[in-house]
Every structure is written in C-alpha cells, then in structure tokens.
Amino acid sequence: GGGGGGGGGGGGGALRGGDLLLTVDGSPVRSLNEAEAASQASASVQLGVVRDGAPFAVTAPMLPSDGLGTTRVLGWAGLLLQETPDAVRAQRSVPAQGGVYASYRFYGSPSSRYDLSPTSHIIEVDSVPTPTLAALLECTRGKADGEVVRVKTVDLEGRLRMTTLKLDLKYWPTFTLSRSAAGEWSRTMEAPAEAEQDGLG
C-alpha cells in the first residue's frame with residue numbers, strides 16, 4: 001500500500017516536535033503502529049493534534065516508501081549521488097524541481113577541490129536540469145577528462161550556489177552502484193568521452 005513513510009515528517013512542516021497526535025482521519029490512535037496502519041491507504045490524512053494545550057487539525061501528505069532505502073548510487077567527480085533519502089526528505093526542504101542528493105564527498109577529488117558540498121542537491125550541470133540520477137548521468141556522459149563544467153546546487157537550507165569543476169576522469173571516473181532484488185551490489189563503470197584533438201599534432 002500507500003504511505004507509511006510519511007508518519008514522522010509527513011506534515012510537510014505543519015507538524016512540530018512536541019505535538020501530541022490524537023487521531024488519524026477521525027480514528028483515535030494510541031501508538032505509532034496504529035497511526036501508521038491508519039495512514040497506509042491514503043495520499044494524505046487529516047490529523048487531530050494537540051500543541052501547547054490547544055487542539056487543532058492538519059492535513060498531512062503521505063510519502064510512499066517501499067522500505068528498501070537506497071538501491072542506486074552514482075559516483076561522479078568524487079561525490080556519491082543518490083535520490084533524496086526519506087530521512088532527508090522528512091526533515092529538510094527538497095528542491096521543487098528535483099535534483100540528485102550528494103551524500104558523500106571523497107577528499108582530494110574534484111568535488112573536494114572545487115568545494116561541492118555533500119548534503120546538497122545538484123539541480124543543473126551546464127544549465128541542463130538534473131532532477132534524477134538518470135538525467136545527471138545522461139548530461140555528463142559526453143564529458144571528457146579535463147573538461148570544465150558548471151554545477152548548480154541547492155543546500156538543505158534552500159540556498160542556491162553555482163560553481164565550476166574540472167573533471168578528472170582518470171582518477172575519479174564515473175560509475176554506478178546498483179543493488180539487485182537479492183541484495184547484491186554491482187558496479188558499472190562509465191567510459192569517458194574522448195578528448196578532442198587540437199589538430200596541432
């Protein structure tokens with residue numbers, strides 16, 4: 001079914017720490033399990049809450065979650081990129097236009113040298129939107145070793161930043177890690193584009 005994953009932060013900012021949950025769609029709930037079960041089949045739920053001694057109602061969207069977590073990671077320019085994890089989505093703002101989430105940055109990599117921060121979203125490369133891993137991979141697939149790219153990011157506070165980055169595909173090649181249904185991880189290397197010859201040779 002639907003959206004058990006929205007229970008914790010599914011209020012989209014409407015719920016706060018310390019809120020006391022009383023009802024889900026008018027049915028009383030006495031535990032987290034009851035609240036999750038009551039919200040499984042809905043795209044959004046009506047919550048009855050007490051905050052600072054006063055009761056009120058809030059409509060909360062539910063986020064679908066298969067419970068599998070991360071199943072695909074893209075290694076690019078020394079960053080590990082993935083779709084936005086549920087925990088980040090529940091606690092922080094996510095760019096409305098999408099973007100791939102940088103979960104880790106390797107020291108000494110191009111992303112480290114050019115200060116691309118982990119815990120930010122890459123939303124464009126060379127002015128091309130990158131709402132998904134597939135879009136970022138497609139956008140960067142034709143780039144050659146040593147090529148300079150413009151990268152636009154949004155941090156977890158919603159601040160935009162633009163930087164340039166010189167690719168080092170010899171030591172920091174692009175790769176994809178994928179997890180199979182059986183739980184096995186496999187790596188696929190992406191071949192860099194050939195650098196253009198200057199015709200002086």
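Strand 10 and strand 11 (residues 160–166) run antiparallel and are joined by seven bridges; two strands pair if DSSP finds at least two bridges between them. Strands here are DSSP runs of E, at least two residues long, and helices are runs of H or I, at least four residues long, numbered from the N terminus. The model is predicted, so local features need pLDDT of at least 70 and side-chain atom pairs count only at pLDDT 80 or more, while totals for chains, interfaces and linings use all residues. Residues are numbered from 1 along each chain as its sequence is written, and side-chain values use heavy atoms, leaving out hydrogens and water.

**The hairpin**
- Val 148 has Lys 166 in strand 11 as its bridge partner.
- Four residues lie between strand 10 and strand 11 in this hairpin, where Gly 158 takes a positive phi near 90°.

**Thr 153**
- Thr 153 belongs to strand 10 (residues 148–155).
- Thr 153 counts as buried because its relative accessibility is 7%; buried means under 20% relative accessible area, with a 1.4 Å probe and protein chains only.
- Beyond its neighbours within four places in sequence, Thr 153 is in contact (heavy atoms within 4.5 Å) with residues including Ile 122, Ile 123 and Leu 160.

**The nonpolar cores**
- A nonpolar core is a set of buried Ala, Val, Leu, Ile, Met, Phe, Trp, Tyr and Cys residues joined through side-chain atoms within 4.5 Å.
- The largest has 19 residues, and those touching the most other members include Leu 81, Ile 122 and Val 149.
- Helix 4 supplies the largest share of this core, four residues.
- Apart from this core lies another, of nine residues, among them Val 24 and Met 62.

Methods:
Buried means under 20% relative accessible area, exposed over 50%, partly exposed in between (1.4 Å probe, protein chains only).
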